[in-house]
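Hi,

Here is the structure I promised to pass on. Have a look at it first, and my notes follow below.

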Amino acid sequence: MTATPVQLAIVGGGAAGLFAAATARHRGVECILVERKARVGTKMLMTANGRCNFTKDLSAARMLQDLGEPVASFARTAVEACPPAAIAGALRDCGLRIRRMEDGRLFPASGKAADVVHVFGDILRDGEVPLLANAPVAALRPEGGAFSLEFRGFSLLARNVLVATGGLSFPKTGSVGDGHAFARSLGLRVEPCRPGLVGYNAPPCGWPPRLAGCRFETGASAAVLVEGRECFRCGGEVEFEPRCVSGAAVYNCSRWVARHAPRSFSLCLSTPDGGLRLDDPSPRPLKEAIVTVGGVSLSEVDPATMRARKIPGLYFAGEVLDIDGPTGGYNLSLAFATAALAVDSVARSP
Ligand SMILES: Cc1cc2nc3c(=O)[nH]c(=O)nc-3n(C[C@H](O)[C@H](O)[C@H](O)COP(=O)(O)OP(=O)(O)OC[C@H]3O[C@@H](n4cnc5c(N)ncnc54)[C@H](O)[C@@H]3O)c2cc1C
């Protein structure tokens, strides 16, 4: 497409890619944003049932504590440089009106995720950031100190590439694992992907009649028991849907299970009406998960820059990495913060 390599090609126009493009514009980094789908921000539009809980009003230290290990150690530099207040400030400065919930979660005041995506659309338009949509990158090859992004029928040269292609959940939104394939093709380790923040299948006999169809917004909790010992507990929503049990409390338990991989465990559900114990429940599939646990190995990426340790000029941000957080705005915050750090590193690189 061009004989002169662009300074930065951002692959993926989701949360991380859009924040990266906005940061690049702010930092004066010449970039092009490349998106597989016809439109950017498809997954962001469906977040929090279309309302987009884009961060939580917390200090960086508290956010890192809630993320837990190994994510906290890896994301420390990124989150400290781009804490929730900076994310909210950046969106507010671009004209987004923000609503704070009692528990600190931040949403657009309109209750519409589209307003957040529009903010990024406006930044791209005003900054004349080139956007190549409907253009899946098929392969990524090092070429003479730069990278060749291969599309069907043409290619693009870039001095630096930021891979922001997302995880594997809700593949209809465009996150189909291409970034993992790029990483593998370049010799980088990719941790096995599994569902995080997901519901569990109902037992074959179904739910007890007193619970079937019930949704508990308050007074409920879920806990993970391993060998009879409670290892994790979370208060919050629990919903007994026909096929599965869902809700924030259950989702956060599933994240603990995905990270710790106990051989056997029980999920204990407490509601104001009583309790229920599920032994070794099976999770809903990865394509239905809110987040992917697994992805490009954290050992392959320098947490101070988001640059691949072995491959100069190659950066990763967002869910393509083996990072994930609990429900409540943590996952978008991670995508934004890692993207900002990657672009900052490109801006500082010679
Ligand atoms: C139902 C649901 C609700 C959620 N709610 C929340 C919430 O309220 N708060 C929160 O913090 N998190 C939420 N999340 C999680 C959050 O949306 C993700 O963690 C976040 O979007 C990850 O950002 P990302 O940029 O890494 O990936 P994505 O947003 O998935 O973006 C990746 C982009 O890369 C593009 N792409 C992929 N391959 C290629 C290729 N080869 N070439 C070009 N482009 C490519 C894709 O089309 C996609 O647009 C939710 C997720 C789901 C599924």
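This is a predicted model: local features need pLDDT of at least 70, side-chain atom pairs count only at pLDDT 80 or more; totals for chains, interfaces and linings use all residues.

Numbering starts from 1 along each chain, following the sequence as written.

On to the ligand. It is surrounded by 40 residues, and the closest are G12, G14, G166, G174 and G318. Two or more residues of that shell come from each of α1 (15–27), α2 (42–46) and α9 (330–348). (Helices are DSSP runs of H or I with at least four residues, strands are runs of E with at least two, and both are numbered from the N terminus.) Sorted by class, the shell has 18 nonpolar, 16 polar and six charged residues. Here Ala, Val, Leu, Ile, Met, Phe, Trp, Tyr, Cys and Pro count as nonpolar, Asp, Glu, Lys and Arg as charged, and the others, Gly among them, as polar.

Next, the domains. The protein chain splits into domain 1 (6–194 + 287–348) and domain 2 (199–283), with bounds that come from an automatic or database domain assignment. Taken over C-alpha atoms, their centres are 30 Å apart. Six residues from domain 1 and six residues from domain 2 make the contact, where two residues touch if their C-beta atoms, placed from the backbone, lie within 7 Å. The domain 1 side of it has three nonpolar, one polar and two charged residues.

α9 turns up again in a helix pair. Helix α4 (residues 71–81) packs against α9 at about 85°, and their axes are 8 Å apart. (Axes are lines fitted to C-alpha atoms, for helices over the stretch in contact, and angles run from 0 to 180 degrees between N-to-C directions.) The two are therefore roughly perpendicular, a label for angles of 65 to 115 degrees. A75, T77, A78, V79 and A81 of α4 meet L334, A337, T338, A340 and L341 of α9. That contact has eight nonpolar, two polar and no charged residues.

Last, the strands, which pair if DSSP finds at least two bridges between them. Strand β5 (residues 105–108) pairs antiparallel with strand β3 (residues 55–56) over two bridges, with T55 partnered by L106. Strand β4 (residues 98–100) also pairs antiparallel with β5, over three bridges, and R99 stands opposite F107. β4 and β5 form a hairpin with four residues between them, and G104 in the turn has a positive phi of about 95°.

Cheers

Terms used:
A residue is near a molecule or strand if its C-beta atom, placed from the backbone, lies within 6 Å of it. Angles under 35 degrees count as roughly parallel, over 145 as roughly antiparallel, 65 to 115 as roughly perpendicular and the rest as oblique.
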